[in-house]
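Dear colleague,

Please find below the structure I promised to pass on, together with its sequence. My notes on what was found in it follow.

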Amino acid sequence: MKSPLLKDIGLAFFRIAISAMMLTHGLPKFQKLISGNFEFGDPIGIGAAPSLFLAVIGEFICPILIIIGFKTRLSAVPTAITMGVAVFIAHAADDFGTKEKALLYLVSFITIILVGPGKFGVDRK
């Protein structure tokens with residue numbers, strides 16, 4: 001018989017670990033944003049500053065919310081969209097090895113959207 005406790009521990013471990021890894025990409029963008037440096041790519045044609053702002057939301061703000069388990073499924077949506085842009089627009093012409101990391105993040109955050117946080121999170125308190 002499978003233990004529901006182990007399933008919830010696994011879900012918490014997965015969402016915390018993958019979000020912590022995403023933070024290593026989002027923190028430099030957040031630091032860039034708060035320093036006033038808005039130089040950034042414009043993969044969807046909305047301008048560099050809005051693109052940077054959206055990347056910070058997807059790669060820094062939302063992963064923090066996912067780590068603590070607050071509105072986890074909803075919080076994973078902007079991160080998945082950000083990774084979708086990375087895979088299918090920013091790295092569209094690149095080889096698989098170049099876009100593989102963004103694709104792994106995309107799959108991971110789609111998984112979080114589908115399965116949720118488990119019982120260990122702020123939403124369960």
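Please bear in mind that this is a predicted model. I begin with the largest pocket, which has a lining of 24 residues; Ala55, Glu59, Thr82, Met83 and Ala86 are the ones nearest its centre. Two or more lining residues come from each of helix H1 (4–34), helix H2 (48–68), helix H3 (72–90) and helix H4 (96–115). The most are given by H3, which contributes seven. The space in this pocket is about 550 Å³. Sorted by class, its lining holds 15 nonpolar, six polar and three charged residues.

Glu59, one of the residues nearest the pocket centre, also takes part in a salt bridge with Lys29, in which the closest N and O atoms are 2.8 Å apart. This pair joins distant parts of the chain, since Lys29 belongs to helix H1 and Glu59 to helix H2, 30 residues apart. The count of salt bridges in the model comes to one. Glu59 counts as buried because its relative accessibility is 6%, and the cut-off for buried is under 20%.

Returning to Phe109, its contacts beyond four places away in sequence are Ile18, Ser19, Met22, Ile66, Ala76, Thr79 and Ala80.

With kind regards

Notes:
Residues are numbered from 1 along each chain as its sequence is written. This is a predicted model: local features need pLDDT of at least 70, side-chain atom pairs count only at pLDDT 80 or more; totals for chains, interfaces and linings use all residues. Side-chain values use heavy atoms; hydrogens and water are left out. On a 1 Å grid over the protein atoms alone, a cavity is a set of points where a 1.4 Å probe fits but cannot get out, and a pocket is an open set with protein on both sides within 12 Å along at least five of seven lines; lining residues have an atom within 4 Å of a point. Grid points are joined across faces, edges and corners, and a volume is the space filled by probe spheres set on the points. Helices (H or I, at least four residues) and strands (E, at least two) are DSSP runs, numbered from the N terminus. Ala, Val, Leu, Ile, Met, Phe, Trp, Tyr, Cys and Pro count as nonpolar, Asp, Glu, Lys and Arg as charged, and the others, Gly among them, as polar. Contact means heavy atoms within 4.5 Å. A salt bridge is a side-chain nitrogen of Lys or Arg within 4 Å of a carboxyl oxygen of Asp or Glu. Buried means under 20% relative accessible area, exposed over 50%, partly exposed in between (1.4 Å probe, protein chains only).
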